[in-house]
Amino acid sequence: MRTVKATAAAVTAALAAGAASVAAGRLASDAALKAPPGRPLPTDHRLTVHGTADGQITLTRDLASLRRGTYGLAGNGSHAVVGPVLDGAPHLPDTVVRRLDRVTHGDLRPRDKVWFTPNLYVGDPHAALGLRYRDVEIPGELGDMPAWLVPAVRETWVITVHGLGTTRELPLNIMEFLHRRHFPVLDPAYRGDLGAPRSPDGLSHLGQTEWRDLDAAIRYAVRHGAERVVLHGWSTGATMALRAALHSELRDRVSGLVLDSPVLDWEATLRALARARHTPNALLPLAVRAAQGRTGLHADRVTVAADAALLTVPTLIFHGPADEVAPWRFSRRLAEQRPNLIALHTVPDAPHGAMWNADPEGYEEALRRFLTPLM
C-alpha cells in the first residue's frame with residue numbers, strides 16, 4: 001500500500017511540475033505574442049530621470065542611455081525627444097547627461113521611470129510634421145483598418161509598416177524625407193493596433209499572418225493610383241513586407257523592399273524576448289513550443305529567411321549587431337547569399353528598430369540612393 005501511495009504521490013508531483021512548466025512556457029511566450037503597441041519591449045531598459053535643466057536631462061547611466069543618436073523618451077503619460085550625450089556636462093558617476101530637445105507632452109520629474117523609444121513624434125502627420133494628409137480606411141480580411149495617406153505626385157507609393165512595440169507613429173521619422181522626394185506615403189495600422197480589428201486569437205503572429213493586412217494596403221494603393229509600391233517595414237513589419245513581396249497576388253507591383261531590423265527567425269526573437277523577461281534557459285524551449293501551439297508558427301520554422309532566396313526585387317536592409325531582438329546574423333547571411341539584389345547597411349550600436357535614430361544622415365543617404373532608381 002505504501003508503494004502505491006508513494007507512486008501516486010510521485011506521479012501527482014510530476015504532473016504538477018509538468019503543468020507548472022507548461023504554464024511558465026506559455027507566460028514566457030507572451031513576451032513576443034502579447035507585446036502591446038506603444039509599450040516597452042522586455043529588452044527596453046527602464047531608466048530613472050535624475051533631473052532636467054535648460055536643454056539637458058540627466059538619466060541613469062546605462063548602455064541604453066549612452067547610445068549614440070536621437071530618440072524618443074517615453075514614460076507613463078510623458079514623451080520627450082533626447083539628443084546626443086553631452087560629454088562636457090557635469091554629472092555623477094552613475095548618471096549621464098543628454099541633450100533635451102523638447103518635451104512633447106507630460107512632465108519629466110526626478111525619479112520618473114522612462115525608456116528609450118524609436119518614436120520621435122507623436123500625433124498624426126500634420127500635428128507632428130505639418131504635412132497635409134488624409135485619414136483613410138483600408139478594407140482587410142478582419143475589417144477596416146485606419147491609415148494615414150500623405151499624397152504626392154509620384155506613381156510609386158511607399159507603404160510603411162511598423163513592428164513590435166511601436167505604432168504607426170514610428171514611420172513619421174522618415175515621412176518628411178519621403179515627402180520631399182514626392183512619394184505618396186500610406187501608413188496603415190494593422191490587426192491588434194489601436195482602431196484596427198483584433199487578431200482572432202488576440203495574439204501577435206510576428207508578421208506571419210499580419211502580412212495579409214499589408215497585402216490589403218497594397219490593394220488599396222493600387223486602386224487609388226499607385227503603379228508601383230515600395231514596402232518599408234520595421235521589425236515584424238519588415239517580416240510582413242518580405243512575405244507580401246513573396247506571396248501577394250499583387251507582388252508584381254512591388255518594386256522594392258526596405259527592411260529595418262527584420263525578424264527573419266521568429267524562434268530567435270521569441271527566445272530573446274523571453275530571456276529578457278528573466279526566463280530560465282531551461283524553459284526557453286517550452287516558450288517556443290507554447291508559441292507553436294498557440295499560433296501555428298511551427299508550420300514554417302525559419303522560412304522567412306529561407307523564402308528570401310526567392311526574392312526578385314531590390315532590397316535594402318538596415319540592421320546592426322547590437323540588435324537584441326532580431327539577430328543581425330540572419331540579415332548578414334541573407335545579404336551575402338544575394339549580393340546582386342540585397343544590400344545591407346550596417347548600423348553599429350543601434351537597438352532594435354532604431355537604425356534611423358542612431359544615424360539619421362547615414363540612413364537617409366542610403367535610402368536616397370536606393371529609392372532613386374525606383375522613382
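Helices are DSSP runs of H or I with at least four residues, numbered from the N terminus. In this predicted model, His278 sits in the loop that links helix H6 (266-276) to helix H7 (284-295). Most residues other than glycine have a negative phi. His278 has a relative accessible area of 72%, and therefore counts as exposed. A positive phi of about 65° is also found at Asp349, again not a glycine. Asp349 belongs to the loop between strand E14 (342-346) and helix H10 (355-358).

The protein chain contains eleven helices and 14 strands. Its radius of gyration is 22 Å, close to the 21 Å that the globule rule gives for 375 residues, so the chain is as compact as a globular protein of that length. The C-alpha trace spans about 85 × 60 × 40 Å along its principal axes. Of the 375 residues in the protein chain, 55% are buried. The chain exposes about 16300 Å², with carbon and sulfur atoms supplying 53% of that area. As for how the chain comes together, 75% of the contacts between residues at least 6 apart in sequence join residues at least 24 apart.

Confidence in the prediction can be summarised briefly. The mean pLDDT of the protein chain is 89, and 90% of its residues reach 70 or more. Residues 8-21, however, have a pLDDT below 50, and this stretch has one contact in the model beyond near neighbours in sequence. Where pLDDT is low, the predicted coordinates should not be read in detail.

The loop that holds Asp349, between E14 and H10, also holds His352. Since the limit for a buried residue is under 20% relative accessible area, His352 counts as buried at 14%. Its side chain makes a polar contact with the side chain of Asp323, at 2.9 Å. Not counting residues up to four places away in sequence, His352 touches Leu41, Ser235, Ser261, Val263, Asp323, Val325 and Ala326.

Thr48 has a relative accessibility of 16% and so counts as buried. A polar contact of 2.6 Å joins its side chain to the side chain of Lys113. Setting aside neighbours within four places in sequence, the residues in contact with Thr48 are Thr58, Leu59, Thr60, Arg111, Asp112 and Lys113.

In helix H9 (residues 328-337), the buried residues are Trp328, Phe330, Ser331, Leu334 and Ala335. These residues lie on the same side of H9, because they cover an arc of only 160° around the axis. An α-helix has 3.6 residues a turn, so residues three or four places apart point the same way. Glu336 and Gln337, on the other side of H9, are exposed. Helix H5 (residues 236-247) includes Arg243, whose relative accessible area of 7% means that this residue is buried. From C-alpha to C-alpha, Arg243 is 14 Å from Ser255, and the two are twelve residues apart in sequence.

Methods
Residues are numbered from 1 along each chain as its sequence is written. This is a predicted model: local features need pLDDT of at least 70, side-chain atom pairs count only at pLDDT 80 or more; totals for chains, interfaces and linings use all residues. Side-chain values use heavy atoms; hydrogens and water are left out. Buried means under 20% relative accessible area, exposed over 50%, partly exposed in between (1.4 Å probe, protein chains only). A polar contact is a pair of N or O atoms within 3.5 Å; within protein, one must be able to donate a hydrogen and the other to accept it, and residues adjacent in sequence count only if both atoms are side-chain atoms. Contact means heavy atoms within 4.5 Å. Helices (H or I, at least four residues) and strands (E, at least two) are DSSP runs, numbered from the N terminus. The arc is that of the directions from the helix axis to the C-beta atoms. The radius of gyration is taken over C-alpha atoms; the globule rule is 2.2 Å times the number of residues to the power 0.38. Accessible areas come from the Shrake-Rupley method with a 1.4 Å probe; for residues, only the protein chains shown count as cover. pLDDT is the predictor's confidence in each residue, from 0 to 100.
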